[in-house]
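Visitor: I have a structure open and want to learn how to read its features. Can you take me through it?

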Amino acid sequence: MDRPWPQDAAAPPASVPHPDEVDPAVLGALLARHGWRRRGGAPGRYARWTPPGRLAGGTSLLVPESRDFPDSADLLGEALIALSRSAAPSAREVLTGLTVPSDEIRWRREVPESRGGTSAWTAQERLRAAARDTLVAAALAARGRAGYYGARHRRAAEASLERVLTGPPGAESGGRELTVFMPVEEDGRATAVTLLRALYALRDAADYHRTTGGMEAYDAAVAAGVCRELTEAVIALVQGTEGARVALEWSPGAGPPPGFAARPDPVEFSPGDLPGLREAGARYVRDEPSVPVSVTGAVVRLRRTGPGGPGTVRLRVLSGADVAQVRITLDEEDYRIAGHAHLVGLPIRVRGRLESRGGFRRLSGATGVTPVEVDEAERDRLVKSLQENLDFFEEACGGGP
């Protein structure tokens, strides 16, 4: 499997789990899920499985149905080794499901063939980008509901996806299909549950809009995890296609979460949903209010047009807001305080409103700029940063406060 987030680095081949760590029932469920066919065997003792498609006449596996027989461990070991050597792409997906208990999320875009043949590479890149954005939106919503997040919670949401694995693209899919394995541990299950609930709510809202023209269902869907980020991801998924679908299957080992079906219905969207999705996304941005905050941050940039007057400061946020950086316009006195704090290696604390315009990256109505004491290690790091950028700082200050 490869890890597309945060970077597209090639990952090692799927490892082979130890037979003692494998539940025969889970292995059988994964084989059936990925298209392997059961072709006889000794009833109640073991089953013979063959891979899907053109490889059906090749490798076959003998999988015990339980551990009640003396040769169960040997059969499991032989089946796992055979899976690791199989040419079937689904074999790697089965091994991944065994090694990392995961919920599987599948995207499919119905892309028509072009005259010269669809570019699988381009189609796959578009699909991967849309799938990633879908998961980021779900990870954001799992941290709290909002119609528009902008830069809020983004670092934590993206960090939670670092353990996500993707299945092999498959040459036969033409870039139309993608499978993602979401580990059930830590935040993975919460993200998968939020995604499914939000997609169902988004589908219902799109149906209501297409029937009545009203936007009330989109407004109500925010409580289920729908947001501007999700509408944008679904638009990217559907645009240029005849339709797209997202399907989720729970980890056989973990089972479905409480209140959810064992086999959730897939969710489908079509080009006819795009106008409503675009309108809803714009509405979420417009209606999301600014947030009053008290931010503590390190000054990383100062700029003003002359030696006096107001200026703009950029802070690396240390606490008080779920964003990485904010920009603030300060009057002359507060700008001077921020500059002096930066010179001596101290962060500042400032109150204001985090504005939704621009993605919650700007603080308006700033007041109460105050230097904040920090421990020696953090202060030394800030001073070192200042020394490395001293020429820029002097230029930014316009020759003096």
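Visitor: Which residues are linked in a network of salt bridges?
Guide: Start with the general idea. Side chains of opposite charge can pair when their charged atoms come close. In this predicted model, Arg-33, Glu-104, Arg-106, Glu-249 and Arg-263 are linked in such a network.

Visitor: How many salt bridges does a search of the whole structure find?
Guide: The search returns 22 salt bridges. Let us take a few pairs one by one.

Visitor: Where do the partners of the salt bridge between Asp-273 and Arg-210 lie?
Guide: First the pair itself. The side chains of Asp-273 and Arg-210 meet in a salt bridge, with N to O at 3.0 Å. This pair links distant parts of the chain. Asp-273 sits in the loop between strand 8 (267–269) and helix 9 (274–287), while Arg-210 belongs to helix 6 (residues 188–212). The two are 63 residues apart.

Visitor: Are these two partners buried or exposed?
Guide: Use the cut-off: under 20% relative accessible area is buried, and over 50% is exposed. Asp-273 has 1% relative accessibility, so Asp-273 counts as buried. Arg-210 is at 49%, and therefore counts as partly exposed.

Visitor: What does a salt bridge within a helix look like?
Guide: Here is the general idea. An α-helix has 3.6 residues a turn, so residues three or four places apart point the same way. Now the case. Glu-158 and Arg-154 both lie in helix 5 (residues 154–159). They are four residues apart, about one turn of the helix. They form a salt bridge, and their closest N and O atoms are 3.8 Å apart.

Visitor: Why do Glu-158 and Arg-154 count as partly exposed?
Guide: Check each value against the cut-offs of 20% and 50%. Glu-158 counts as partly exposed because its relative accessibility is 29%. Arg-154 counts as partly exposed because its value is 25%.

Visitor: Which residue forms a salt bridge with Asp-133?
Guide: Arg-132 is the partner. The closest N and O atoms of this pair are 4.0 Å apart. Asp-133 has 34% relative accessibility, so Asp-133 is partly exposed. Arg-132 is partly exposed too, because its relative accessible area is 22%.

Visitor: Asp-133 is also a contact of Ala-233. Which residues does Ala-233 touch, leaving aside its neighbours within four places in sequence?
Guide: Ala-233 is in contact with Ala-130, Asp-133 and Thr-134. For scale in sequence and space, take Val-136. Ala-233 and Val-136 are 97 residues apart in sequence, yet 9.2 Å apart in space, C-alpha to C-alpha. Ala-233 itself lies in helix 8 (residues 228–238). Its relative accessibility is 1%, so Ala-233 counts as buried.

Visitor: How many of the residues of helix 8 are buried?
Guide: Eight of its 11 residues are buried, so read helix 8 as mostly covered. The buried set is Glu-229, Leu-230, Thr-231, Ala-233, Val-234, Ile-235, Leu-237 and Val-238. Just after the helix, Gly-240 takes a positive phi of about 80°.

Visitor: Which residues other than glycine have a positive phi?
Guide: Two to look at are His-153 and Phe-360. His-153 has a positive phi of about 65°. Find His-153 in the loop between helix 4 (120–141) and helix 5. Phi of Phe-360 is near 60°. Phe-360 lies in the loop between strand 12 (348–355) and strand 13 (362–371). Phe-360 is buried, because its relative accessible area is 0%.

Visitor: Which residues gather in a patch of positive charge on the surface?
Guide: The patch gathers Arg-303, Arg-314, Arg-327, Arg-357 and Arg-362. Take one of them, Arg-314, which lies in strand 10 (residues 311–319). At 30% relative accessibility, Arg-314 counts as partly exposed.

Visitor: Now zoom out. What does the secondary structure of the chain come to?
Guide: It comes to 12 helices and 13 strands. Buried residues make up 47% of the 401 residues in the chain. The chain exposes about 19,200 Å², and carbon and sulfur atoms supply 50% of that area.

Visitor: What share of the contacts with a separation of 6 or more comes from residues 24 or more positions apart?
Guide: That share is 67%.

Note on methods:
Residues numbered from 1 in each chain as written. Predicted model: local features only at pLDDT ≥ 70, side-chain atom pairs only at ≥ 80, totals over all residues. Heavy atoms only, no water. Patch = residues over 30% accessible without salt bridge, like charges linked within 9 Å, V, L, I, M, F, W, Y side chains within 5 Å. Areas by Shrake-Rupley, 256 points an atom, 1.4 Å probe, with all protein chains shown as cover. Lys, Arg positive; Asp, Glu negative; His and termini not counted. Charge placed at Lys NZ, Arg CZ, Asp CG, Glu CD. Buried < 20%, exposed > 50% of the residue type's maximum accessible area, 1.4 Å probe, protein only. Contact = heavy atoms within 4.5 Å.
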